[in-house]
Amino acid sequence: MSDKRMTLDELVGELRSGMTIGIGGWGSRRKPMAAVRAILRSDLTDLTVVAYGGPDVGLLCSAGKVAKVVYGFVTLDSIPTDPHFKVARQTGAVEAMEVDEGMFYLGLFAASQRIPFLPTRSGLGSDVMRVNPSLRTVTSPYDDGEELVAMPALHLDAALVHVNRADAAGSGQILGPDPFFDELFLGAADRRFVTTERLVDTDRFASEGPIQTMCISRLLTDGVVETPGGAHFTACVPDYTRDEGFQKEYVAAAGDPGAWASFSDRFLEVDEAGYQAATTQAGVERDERRAAEKAVKAGNAAAGNEAAGKGASS
Amino acid sequence: MSTDTGVTRAEYCTVACAEVFRGDGEVMASAFGTAPALGARLARLTFAPDLVLTDGDAALVVGAPPLGAAPSDLVLESHMPYRKVFDVVWSGRRNLIMMASQIDRTGNQNISAIGDWSRPKAQLVGVRGAPGNTVNHSTSYWVPNHSTRSFVEQVDVVSGVGYQRAAAAGPSATRFHEIRHVVSNLGVFDFETPDKVMRLRSVHPRVTVDEVVEATGFELVIPSEVPDTRLPTPEELDLIRTVLDPRGLREREVKP
C-alpha cells in the first residue's frame, strides 16, 4: 500500500489558484479548518469554494481567497450566519451559486458517478431557478412526462475533509454520528485530501468504532495529514465539541476592523502549532474572565441592593 | 369565549403548532423554533402518537423528550444522518414547520436574502432545503414576530415555494406541494381559499382582527367570523408546563 502521509504545506502545494475546491463537514461541524488555515497563509486566490458552508467559507472570504461560493447555506449553527460571508455577499465581493441543499447533494453525487446531472423535483418553482439562469430542466423520457430540475454535476478540482482517525494509506474513520457528505466530496474531486485528528495503524480502527465508522475508503483519497485539533473551532465529536466561546470571539472580532486585525494577528498569522497554542491560551483567558465576572456579581449581591444596582448597570 | 388569562401567548402558539401535525400518521416531524419544537412533541404525546421525532442531530428518538434534554437521556431508535434526511424528504414521509424571515400572500417564504439577491442588503442563511421541502411534503411556517416586515406582498427571494409559483412551475411542482398553516404570534393562517391566497384561520385570544390586518403587509382573506385559536386542554397545558418545557423556554420566544 502506498504511504499517503503528507504535511499541510505539501497539501496546499498541490492546490492552485483558480481551482474549484470542495470542503466537507456541515455548517460549523467537522470542517477541515487546519487545511483552511493553511490556505489562508498561502498565496492561493480566485478559488471557487463548494461547501455546506460554515466558518471555512467565512474565513476564506475574509482573506480574499474566494471568487465564487457554491452553497445551500452558510451558517455557524449556534449563530445563524457567518459575518464574513455576509459582508462578502453584501459588498458583491464574491460570485454566488445558491441552490437547495438537496440539489447540492445531487450535484456532488452526479460528479462522483461521472454523469452530467441528476433529476430532482427540488428547485422547481423557487428562485433558485431565477438566480442560477444556467440551471435547466429535463423531461422524463417515460410515460409520466414529468419535468424536473437537472442538477448539474458539481465537479471539484480538489476536496478537503476532516475525519477522526485515518491510516497512512488514506482510509478514514468518522466516529461522530453523521458522516455528512464527505464521501461524495471526495468522490466528486480529482485530488482528494483527508486531514485527521489522529493517524493510527489500520488494525486500530476496529477498536475505535464499528465497521460503519470506517466510511472513507482509500479508493477515495490521495493524501492524508495528521492535524490534531484540525477541525477547531468547529465540532469534531467525539474528540471535541464546538468551541462556542472562540466562535463568539470570531464573530465579535469580525464586526470591527481593529478587532479583526488583532484576531488575525494572534490566530491566523501563525502556523498551525501557533494557532493551537493561541486558542488554548484564549480559552484559559475566557475562563478567567468568566470567573472574575462571577466574583464581581457575587460581590455586588453581597454588598446589598444599592451596590448591586450599580453593578448591574455598569 | 377564551377567557383563561392564565394561558400565555406562547402556549397558544404551541398548541397552534401542534395542530399542524393533526391527522399525521408515521411521518417524520421536523420543527424549527421553540413553539414548533414544543408543538411537535405535544402532538406526539396526544393526538398524533405515530409521529417520529428527531434528536436534532443524527437520530430518531423514542417518545417526546423535553426541550433541552441531555443527549444521555434520549432513547434513540434509528440513525438519521443528513444524507438520509433527504431520502425522507424526497419520499414525502415528513411534515415540517420552518421559520420565515419573509412570507407572502401566496405562501412563498424567504430565508435567503433581503433585497436584490445578486447584491443583497442582508444576506441571510441561504435557501437551505426550503425549495425541495415545499415541493416534496407538507410544509408550514412559524413567524414569532408578525409585522409588515415579515408578512410582505412579495418575498425578495422565493426559497420555500408558494401556491402560485408551484402552479406556474407545472404538475411536477404541484404534485406533492402543500403549505398547510402559517402560525404567527398573532394568529393562524391557511390557504383554504379558491385562489389559494392566505386566509386568517384564527386569532390568538386577546388579539383583534384589526391588529392582525395592521401588522400584515398585504390583503388577507378575512372570513366573516374569525374564531379564536383553541385553548390548550388541561392535559396539554400540563404537558407543556411540567413535562416538555419546565424551564419556560417558550416564553423567551414570544412576547406575552
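Domain bounds, as used here, come from an automatic or database domain assignment. The model shown in these views is a predicted one.

**View 1. The two domains of chain A and the contact between them.** Chain A is divided into domain 1, which takes in residues 8–116 + 153–226, and domain 2, which covers 244–301. The C-alpha centres of domain 1 of chain A and domain 2 of chain A are 26 Å apart. Where they touch, 11 residues come from domain 1 of chain A and 9 residues from domain 2 of chain A. On the domain 1 side of this contact, the elements giving two or more residues are helix H2 (33–41) and H4 of chain A, and H2(A) gives the most, with 3 residues. That side of domain 1 is made up of 7 nonpolar, 3 polar and 1 charged residues.

**View 2. Helix H2 of chain A and its surroundings.** Of the 9 residues of H2(A), 7 are buried, so the helix is largely enclosed by the rest of the structure. These buried residues are Met33(A), Ala34(A), Ala35(A), Val36(A), Arg37(A), Ala38(A) and Ile39(A). They pack against helix H1 (8–13), H3, helix H10 (257–268) and helix H11 (272–302) of chain A, and also against strand S8 (156–166) and strand S10 (189–199) of chain A.

**View 3. Helix H4 of chain A, with cover from both chains.** In H4(A) the buried residues are Pro83(A), His84(A), Phe85(A), Ala88(A) and Arg89(A). What covers them includes helix H3 (55–62), strand S4 (95–98) and helix H9 (244–254) of chain A, together with strand S9 (122–123) of chain B. Just after H4(A), Gly92(A) takes a positive phi of about 70°.

**View 4. The side of chain A that touches chain B.** The contact between the chains takes 36 residues from chain A and 36 residues from chain B. On the chain A side, helix H4 (83–90), H5, helix H6 (128–131) and strand S7 (147–152) each supply at least two residues. By class, the residues of this side of chain A divide into 16 nonpolar, 10 polar and 10 charged.

**View 5. The largest nonpolar core, seen around Leu108(A).** The largest nonpolar core has 140 residues, and the members that touch the most others are Val49(A), Leu108(A), Leu156(A), Ala159(A) and Phe185(A). Helix H5 (residues 101–113) of chain A gives the most to this core, with 8 residues. Once its neighbours within four places in sequence are left aside, Leu108(A) is in contact with Leu154(A), Phe181(A), Leu184(A), Phe185(A) and Ala188(A).

**View 6. Strand S1 of chain A beside strand S2.** Along strand S1 (residues 20–23) of chain A, Thr20(A) and Gly22(A) point one way while Ile21(A) and Ile23(A) point the other way, and all are buried. S1(A) runs parallel to strand S2 (residues 47–51) of chain A, to which 4 bridges join it. One of the pairs is Thr20(A) with its bridge partner Thr48(A) in S2(A).

**View 7. A three-stranded open sheet in chain B.** Chain B has 9 helices and 14 strands, and 3 of its strands form an open sheet in the order S7-S6-S11, with mixed pairing. Strand S7 (109–110) and strand S11 (151–152) of chain B stand at the edges with a single partner strand each, so one side of each is left without a neighbour in the sheet. Strand S6 (residues 102–104) of chain B is joined to S7(B) by 2 bridges, and the two run antiparallel. Within this pair, Ile103(B) stands opposite Gln109(B) in S7(B).

View 8. Chain B has a radius of gyration of 18 Å, which agrees with the value near 18 Å for a compact globule with 256 residues, and buried residues make up 51% of the chain. Ala173(B), which lies in helix H6 (residues 171–174) of chain B, has 25 other C-beta atoms within 10 Å; because a residue with 20 or more is classed as buried, Ala173(B) is buried. Not counting residues up to four places away in sequence, Ala173(B) touches Leu124(A) and Gly125(A) as well as Val135(B), Val161(B) and Ala166(B). Between the C-alpha atoms of Ala173(B) and Gly132(B), which are 41 residues apart along the chain, the separation is 9.7 Å.

Definitions and conventions: Residues numbered from 1 in each chain as written. Chains lettered and ligands numbered in written order. Predicted model: local features only at pLDDT ≥ 70, side-chain atom pairs only at ≥ 80, totals over all residues. Core = buried A, V, L, I, M, F, W, Y, C linked by C-beta atoms within 7 Å. Buried ≥ 20, exposed ≤ 12 C-beta atoms within 10 Å, placed from the backbone. Contact = placed C-beta atoms within 7 Å. Nonpolar A, V, L, I, M, F, W, Y, C, P; charged D, E, K, R; others polar. Rg over C-alpha atoms; globule rule 2.2 N^0.38 Å. Pairing = 2+ DSSP bridges.
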